Amino acid sequence: MKYKISICLIMFLVLINFSCKPEDSAPDTPDINDNVILHTKWPFPVGAAVPGANTNNSGSNSAVANALNTGSPQHNLLRHFNVVVAENEMKPDALMPASVPSTGNWGANYRWTNADALVNYAESAGKGVRGHCLIWHDQTPSWFFSGSGQGGRASISELYARMENHIKTVFEKYGGRIEWWDVVNEAIDHDVSGPRKDTRGRYTEIMEDAGKTDMDRYEYILKAFQWARQYADENDGGNVKLYLTDFGVERPFSRGGTTKQADFFDLAQWLVQQGAPVDGIGFQGHFRLYDHPVEQISAGIDMFAALGLTIQICELDISIFSNAKNESQRTSVSNSVLGERLSDLAQTYRDYFDMFKEKYYEEKLDMVIIWGLSDGHSWLNNHPVSGRTDYPLLFNRSYQAKEAYQKLVDF
Ligand code: XIL
């Protein structure tokens with residue numbers, strides 16, 4: 001009897017062990033050689049978002065997640081990229097103190113350590129740095145938007161003083177060492193027409209409090225670009241290029257009779273007409289397999305390039321969960337489906353990159369950044385559904401090259 005129980009127990013443990021194996025280990029062959037340095041195969045810089053001390057998407061040991069840590073298995077993957085972006089460490093909430101700085105010298109109160117770690121690493125490794133991001137409704141401390149205005153919100157003059165101080169502080173610190181900056185990120189509402197009006201439309205609320213209507217609600221964006229240019233130039237940053245960035249604008253994504261792309265285009269065109277010192281557009285590029293046809297993205301690049309702006313793909317990743325297949329709420333796929341998805345993912349990456357190369361030679365696009373290094377640490381494991389197991393990047397959960405990597409170096 002005792003013997004039978006132990007046999008059952010052993011079988012049970014074996015079963016559990018099998019079912020808990022990372023799905024990557026089955027169809028995603030972990031022995032693809034990654035000796036070819038990815039960025040050398042493409043004419044434009046190929047960069048990556050680097051998870052640093054503030055980034056831990058999977059809840060795992062942060063020493064592993066932090067790719068700047070030379071002991072992290074992600075560190076070695078950085079060799080494939082010649083531009084780096086901090087995944088979180090340069091966002092307003094990472095740099096700013098917990099409460100409004102009391103002195104005139106904001107920089108003395110800022111938390112530079114983790115941003116410095118990335119810039120110093122990039123300089124020692126000969127890589128460029130993309131700054132993400134100066135002005136954003138998200139990942140910004142609430143004190144920034146609070147004050148003596150309506151409903152406890154900041155007045156427009158308080159907001160503008162803070163924006164200018166922040167931008168000035170960052171350029172005084174880094175000058176021309178960070179060559180490309182996302183000046184304003186995600187200003188367009190994803191759900192309703194026009195500027196952000198959802199619960200996080202903090203800039204829009206303050207603009208509307210001040211009686212601004214229509215395009216004037218974007219005045220803060222125009223000012224952000226003017227301050228960015230001014231303080232870059234005053235701090236040896238004449239080389240710095242400035243971007244307006246958003247997601248869901250790469251193709252006509254319809255909502256409420258209009259598209260987010262059309263509203264983003266109106267904003268970009270208005271900025272150009274106002275003489276804003278904007279150099280380019282950042283398409284975030286958070287795509288899903290089967291949902292974002294390459295021809296549509298190609299047309300989107302042409303559309304914005306026609307304004308005289310250069311496009312950068314600034315946060316590329318490709319979720320294997322597809323809305324076209326009704327998977328918006330799924331958290332996993334079976335191993336047999338996964339095998340096919342990973343091959344399709346690889347081909348899709350290649351199709352995008354081949355198109356990006358054409359756009360590069362047409363002088364419409366000049367950089368592609370991938371949002372993360374390896375699948376296990378991607379933000380998409382928790383977005384838009386938490387606890388999801390996604391496979392959006394070029395390296396798998398064991399930090400081995402995937403077919404997607406191979407497709408990008410195979411020619
Ligand atoms: C994400 C990071 O990847 C996560 O680690 C963090 O928890 C939330 O932000 N658009 C952006 C990026 O502009 O800053 C976001 O990055 C992804 C969506």
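Student: Which residues of helix 9 are buried?
Tutor: Helices (H or I, at least four residues) and strands (E, at least two) are DSSP runs, numbered from the N terminus. Buried means under 20% relative accessible area, exposed means over 50%, and partly exposed lies in between, with a 1.4 Å probe and protein chains only. By that rule, the buried residues of helix 9 are Ile297, Ser298, Gly300, Ile301, Phe304 and Ala305.

Student: Before we go on, what pLDDT do local features need in this predicted model?
Tutor: Residues are numbered from 1 along each chain as its sequence is written, and side-chain values use heavy atoms, with hydrogens and water left out. The model is predicted: totals for chains, interfaces and linings use all residues, side-chain atom pairs count only at pLDDT 80 or more, and local features need pLDDT of at least 70.

Student: How far apart are the end C-alpha atoms of helix 9?
Tutor: The expected span is 1.5 Å times one less than the number of residues. Helix 9 runs over residues 294–305, which is 12 residues, so it should span 16 Å; the end C-alpha atoms agree, being apart by 16 Å.

Student: And within what arc do its buried residues fall?
Tutor: The arc is taken from the directions that lead from the helix axis to the C-beta atoms. The buried residues of helix 9 line one face of the helix, because, seen down the axis, they fall within an arc of 160°.

Student: What do the buried residues of helix 9 pack against?
Tutor: Contact means heavy atoms within 4.5 Å. The partners of these buried residues include strands as well as helices. They are strand 8 (280–283), strand 9 (286–288), strand 10 (310–319), strand 11 (365–370), helix 8 (260–273) and helix 10 (335–361).

Student: Let's turn to the ligand. Which residues are closest to it?
Tutor: A residue counts as near a molecule if one of its heavy atoms lies within 4 Å of it. The ligand is surrounded by 15 residues, and the closest are Asn57, Glu87, Lys91, His132 and Glu315.

Student: How far is a polar side-chain atom of Asn57 from an oxygen atom of the ligand?
Tutor: A polar contact is a pair of N or O atoms within 3.5 Å; within protein, one must be able to donate a hydrogen and the other to accept it, and residues adjacent in sequence count only if both atoms are side-chain atoms. Glu186 has a side-chain N or O atom 3.3 Å from a nitrogen atom of the ligand, and Lys91 has a polar side-chain atom 2.7 Å from a ligand oxygen. For Asn57, the distance to a ligand oxygen is 2.5 Å.

Student: What share of the ligand's accessible area does the protein cover?
Tutor: Accessible areas come from the Shrake-Rupley method with a 1.4 Å probe; for residues, only the protein chains shown count as cover. On its own, the ligand has 410 Å² of accessible area, and the protein covers 82%.

Student: With which side chain does that of Arg200 make a polar contact?
Tutor: Arg200 sits in the loop between strand 4 (180–185) and helix 6 (202–209). Its relative accessible area is 34%, so Arg200 is partly exposed. Apart from residues up to four places away in sequence, Arg200 touches His137 and Asp138. The side-chain polar contact, at 3.1 Å, is with Asp138.

Student: Is Lys402 buried or exposed?
Tutor: Lys402 lies in the loop between strand 11 and helix 11 (403–409). A polar atom of its side chain is 2.8 Å from the backbone oxygen of Tyr391. Because its relative accessibility is 1%, Lys402 counts as buried.

Student: What is the phi of Asn326?
Tutor: Asn326 is in the loop between strand 10 and helix 10. With a relative accessible area of 70%, Asn326 is exposed. Although Asn326 is not a glycine, its phi is positive, at about 55°.

Student: Which residue does a cis peptide bond join to His383?
Tutor: The residue in question is found in the loop between strand 11 and helix 11. Omega of this cis bond is about 0°, and the partner of His383 is Pro384.
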